[in-house]
Amino acid sequence: MSEERLLHRPIYGGVFGEDGRYALASMPCVSRGLYATRYMVVQPQAGVVLSVSEDKVQALALARLRLHAANDKHQGEPIAAEQAELWPDQPLLTATPAPAPYISRRRRAIYEHSHGHCHYCGTPLDLTGKWHVEHQLPRALGGGDDTLNLVAACVPCNLTKSDSTAIEFVTRAGRAN
Ligand SMILES: [Zn+2]
């Protein structure tokens, strides 16, 4: 397991110190048949899990207790690594997953109008990916902004079209139909 794949938030202050050695990680899990989140306080450099709990506050509290106990017994000795097997196989997720990209209703309508494919070359397009909105009949030739005149185009087709004049483009589109 590569360490750069592990996403977590460093914890600062108190018994955790100020060097960001400890981190709060979260991972989705299934608990009693329900989807839940499991929180872990980890020491990534040492590959140690200090605490695991479905409650973030409890995970932090358990980790604090454990660190205090370890500090009392052996000042400076690394935390026992017997819990290292608790590392999950899949990469950890941050507590706040990135929100789904916003797709406007208009852009979605144009995408559906073009059946999810580039209007010119037929390349399948990813709704949330990079694709361009094209005027099928260019504005310069009286093409409107209504959804029926707008089509989805892949990046290469968009670049090709922007190189050609409106007349050339209409001629080409007419040939394709
Ligand atoms: Zn294309």
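The donors around the zinc ion follow a C-x2-C-x32-C-x2-C spacing in sequence. They are C118, C121, C154 and C157, each through SG, at 2.3 Å; donors here are N, O and S atoms within 2.8 Å of the metal (3.2 Å for Na, K and Ca), and water is not among the atoms, so sites may look incomplete. This is a predicted model, where local features need pLDDT of at least 70, side-chain atom pairs count only at pLDDT 80 or more, and totals for chains, interfaces and linings use all residues. Residues are numbered from 1 along each chain as its sequence is written, and side-chain values use heavy atoms, with hydrogens and water left out.

**Zinc site**
- The four donor atoms subtend angles of 106 to 113° at the zinc ion, so the arrangement is tetrahedral (four donors, all angles between 85 and 135 degrees).
- C118 sits in the loop between α2 (105–113) and β5 (132–135), and C154 in the loop between β6 (150–153) and α3 (155–163); helices (H or I, at least four residues) and strands (E, at least two) are DSSP runs, numbered from the N terminus.
- C118 and C154 are both buried, meaning under 20% relative accessible area (1.4 Å probe, protein chains only).

**Nonpolar cores**
- The largest core has 13 residues, with I11, F16 and L24 among those making the most contacts inside it; a core joins buried Ala, Val, Leu, Ile, Met, Phe, Trp, Tyr and Cys through side-chain atoms within 4.5 Å.
- α1 gives this core the most, four residues.
- Apart from it lies another core of 12 residues, including C118 and C154.

**S51**
- S51 is in strand β4 and counts as buried because its relative accessibility is 3%.

How values were computed: Tetrahedral: all angles 85-135°; square planar, octahedral: opposite > 155°, others 65-115°. Buried < 20%, exposed > 50% of the residue type's maximum accessible area, 1.4 Å probe, protein only.
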